[in-house]
Amino acid sequence: MRVVTNEKFIARNARIGRYASVASIVILGAGVYLTFARPDLVTLTFALLIVGFVLSQVGIYFGNRWAKPPRLDVQITKALKGLGRDYTLYHYSTPASHLLVGPGGVFVIVPRFQRGRITYRKGKWRQHGGLMLWYWRIFAQEGIGRPDLEIRAEVEAVDEALRKHLPDEDYDALHPIKPILVFTNPTATLENVDEAPVPTVKIEDLKATVKRLAKGTRLTGEQLKRIRAALGDEGKRPKDEA
């Protein structure tokens, strides 16, 4: 499997996460200091605490995705290792953050690193974890959010790029684009996700899910070449084999 990774993008976002985390510690520390040293400066103290908290959340967001090992892209690459030389895995270098292109079609992979019990009921994903869940959300990671919206946006962005640059026969052959929601945290458990609008799996089941969804689609080498070109990949970037 060929892997194309935008290392500059990852390094930049990792720096943002580190800078935001350090700044949050400094600003929160100043806010705590003023709370006791200058109780008359209530407005300034309150403002510092709010800014510090916001920066801490920015640091958590960027750190979890692009700095905290093992990175999401590394985990996805490892999970798909051995898939086949005709496949290309893109990290942060196409309209989708993680995109897999191969004979079995085009796959948009949306990772989530949240822990706890994950369920899908009445059109919503939910994360369960009791009191510890509140701790994780404040100090360690954001909530699960709305992965359905992220998935839809990424699929539509990839679809638009391919529709714009591919011949009709190639565009028709690869459809539909196949999204997969994958949870990377080993402590996460999935319940009642069979009714989710997209396949929802643990990271260890990702390759098997790709193979299952690939059935019924067979893109030729020439079609794959044109799809990669439509995504801006002319084969000149460094290659990693996995």
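**Notebook: surface patch, salt bridges and cores**

I began with Phe46, which is found in helix 2 (residues 42-66); helices here are DSSP runs of H or I with at least four residues, strands are runs of E with at least two, and both are numbered from the N terminus. I noted that this is a predicted model, in which local features need pLDDT of at least 70 and side-chain atom pairs count only at pLDDT 80 or more, while totals for chains, interfaces and linings use all residues. Residues are numbered from 1 along each chain as its sequence is written, and side-chain values use heavy atoms, with hydrogens and water left out.

I looked up the exposure of Phe46 and found a relative accessible area of 53%, so Phe46 is exposed (buried is under 20%, exposed over 50%, partly exposed in between, with a 1.4 Å probe and protein chains only). Phe46 forms a nonpolar patch on the surface with Ile50, Phe53 and Val54, with about 390 Å² of accessible area together. Patch members have over 30% relative accessible area and no salt bridge, and nonpolar side chains are joined within 5 Å, like charges within 9 Å.

I then turned to the salt bridges (a side-chain nitrogen of Lys or Arg within 4 Å of a carboxyl oxygen of Asp or Glu), of which the structure holds 10. Asp159 and Arg163 meet at 2.5 Å, N to O, and because they are four residues apart in helix 5 (residues 147-165), about one helical turn separates them. Asp159 counts as buried at 14% relative accessibility, whereas Arg163 is partly exposed at 45%.

I next checked Arg226 and Asp170, whose side chains meet at 2.4 Å, N to O. This pair links distant parts of the chain, 56 residues apart, with Arg226 in helix 8 (residues 221-230) and Asp170 in helix 6 (residues 168-174). Arg226 is partly exposed at 34%, while Asp170 is buried at 1%.

Last came the nonpolar cores, each a set of buried Ala, Val, Leu, Ile, Met, Phe, Trp, Tyr and Cys residues joined through side-chain atoms within 4.5 Å. The largest has 30 residues, among which Leu99, Val106, Leu162 and Ile227 touch the most other members. Helix 5 gives this core its largest share, four residues. Beyond its neighbours within four places in sequence, Leu162 is in contact (heavy atoms within 4.5 Å) with residues including Val106, Tyr171, Ile227 and Leu231. I also recorded a second, separate core of 19 residues, including Met1, Leu89, Val210 and Ala214.

Methods: Areas by Shrake-Rupley, 256 points an atom, 1.4 Å probe, with all protein chains shown as cover.
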